[in-house]
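Q: I have a model open and would like to learn how to read its features one at a time. Could we work through it together?

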Amino acid sequence: MNAAPQSVVLVTGPSGAGRTTTIHVLEDIGFETIDNIPLSLVPRLLDGLAASQPMALGIDVRNRDFSVQALLDLYEKLKRDPGLSLELIYLDCAQNVLLRRYSETRRRHPLSPDTSPSEGIKQELALLEPVRDVADTLIDTTELSPHDLRDTLQDRFDVSAGAGLAVSLHSFSYKRGLPQGADMVFDCRFLTNPHWDPALRHMTGLDREVVDYIAKDGRFDEFRTRVVEMLKFLLPAYRDEGKAHFSVAFGCTGGQHRSVAVTEIVARALAESGWRVSIRHREAERRANWRSSTLPTEQKDALV
């Protein structure tokens, strides 16, 4: 019987986008990690490796032997190795946010140590664009706090939760754009909007009154049934293909009512079918008075 491929994650992106935080989070959830490793050492490190843990390697432009072409060549070489299961994570971030982060920390940018960080940031983003284009996973940290980044990584990579496909369900607002990394997106804006009922406007999809209101829409039951049945059909196929994580996003106008309610309902149905489910309501981070998920505590402990 052939051994399972060694799982290896390469982590890179512009300075200030969260690479170090990502490495620390992956270490906390069960990865063996090495940051700032020279590219020339990676093949020797992985040669004949039979580690019991997945491995995460941080790649930094400051390494003495770094070049974009060398990284791309390494990536293609490792991709062809049948003994490895390779994933390249690119941490992206908007230029103005990177500049703000550098201004707050008063650090020098590695590509412009003697001038303004803005010049180095611009150069690095342009330099790494070919790497961004080929990355398996793109995580945009522009609007993510370190806590949000940790949640995102734990949803996708937590190896302590056991084998099998992990399913993460997200609600979001179309006003703020699609969530990064979603494998499947459903638009809930066709459902009757509780926002227009003054008694429900201040509530969320976690409130029973809002759920009951949405459920009165004649299209709701069929939509819920079709979505759940489709996911129950597709998830085993993705699991059989070796996919470790699958992300489903539900959106509505404000990310407060319809998408939240549908996310909770679908999550409960999948959890009751035995799937390991996690939930994130993206817009909750902007509203401190939101409650947590309505999944029962004992179910969340076992499946989330």
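Q: In which helix is T22 found?

A: In this predicted model, T22 is found in helix α1.

Q: Is T22 buried or exposed?

A: The relative accessible area of T22 is 0%, and a residue counts as buried when that value is under 20%, so T22 is buried. Apart from its neighbours within four places in sequence, T22 is in contact with V11, L91, L149 and L153.

Q: How should I describe the way two helices pack, and at what angle do α1 and α6 cross?

A: Two packed helices are described by the angle between their axes and by the distance between those axes. Here the axes of α1 (residues 19-28) and α6 (residues 146-157) come within 10 Å and cross at roughly 45°, and the two helices are therefore oblique to each other. The crossing of α1 and α6 is right-handed.

Q: Which residues make the contact?

A: From α1 the contact is made by T21, T22, V25, L26 and D28, and from α6 by L149, R150, L153, Q154 and F157.

Q: How many disulfides does the structure hold?

A: A disulfide needs a pair of cysteine sulfur atoms within 2.5 Å, and the structure holds 0 disulfides. For C188, the closest cysteine sulfur is that of C252, and because the two sulfurs are 6.7 Å apart, they are too far for a bond.

Q: Are C93 and C188 buried or exposed?

A: C93 is buried, with a relative accessible area of 5%, and C188 is buried too, with a relative accessible area of 0%.

Note on methods
Residues numbered from 1 in each chain as written. Predicted model: local features only at pLDDT ≥ 70, side-chain atom pairs only at ≥ 80, totals over all residues. Heavy atoms only, no water. Axes fitted to C-alpha atoms, helices over the stretch in contact; angles between N-to-C directions. Helix = DSSP H or I, 4+ residues; strand = E, 2+ residues; numbered from the N terminus. Parallel < 35°, antiparallel > 145°, perpendicular 65-115°, else oblique. Left-handed = near helix turned anticlockwise from the far one by under 90°. Contact = heavy atoms within 4.5 Å. Buried < 20%, exposed > 50% of the residue type's maximum accessible area, 1.4 Å probe, protein only.
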